[in-house]
Amino acid sequence: MIRITLDKALEKSQITRYELAKRTGIQYQIIDNYYKNRIKRYDSYILDRICTALDCNISDIIEYKK
């Protein structure tokens, strides 16, 4: 199972979903869907923008569990 751990990454960076939306230029609702793991298909452009804004690696926001 693949899970987005954006909640942990935002907590670690001490920024809000709203601030992340402003930094990335991505709509708040899309950020919120990633935050709440409501995404079925992951958009590489969005993941890249999030990683750039948080200055992190993709492994910091995606988790794989068997």
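Tutor: Helices (H or I, at least four residues) and strands (E, at least two) are DSSP runs, numbered from the N terminus. This is a predicted model, where local features need pLDDT of at least 70, side-chain atom pairs count only at pLDDT 80 or more, and totals for chains, interfaces and linings use all residues. Residues are numbered from 1 along each chain as its sequence is written, and side-chain values use heavy atoms, with hydrogens and water left out.

Student: Which pattern does the protein chain follow along the sequence?

Tutor: The pattern is β-α-α-α-α-β. That comes to four helices and two strands.

Student: What radius of gyration does the protein chain have?

Tutor: The radius of gyration is taken over C-alpha atoms, and the globule rule is 2.2 Å times the number of residues to the power 0.38. For 66 residues, a compact globule would have a value near 11 Å; this chain has 11 Å, which agrees.

Student: Which residues of helix α4 are buried?

Tutor: Buried means under 20% relative accessible area, exposed over 50%, partly exposed in between (1.4 Å probe, protein chains only). In α4 (residues 44-54), the buried ones are Ile46, Leu47, Ile50, Cys51, Ala53 and Leu54. They cover an arc of only 165° around the axis, so they lie on the same side of α4. The arc is that of the directions from the helix axis to the C-beta atoms. Ser44 and Thr52, on the other side of α4, are exposed.

Student: What covers the buried residues of α4?

Tutor: Contact means heavy atoms within 4.5 Å. The cover includes the strands β1 (2-4) and β2 (62-64), along with α1 (6-13), α2 (17-24) and α3 (28-35).
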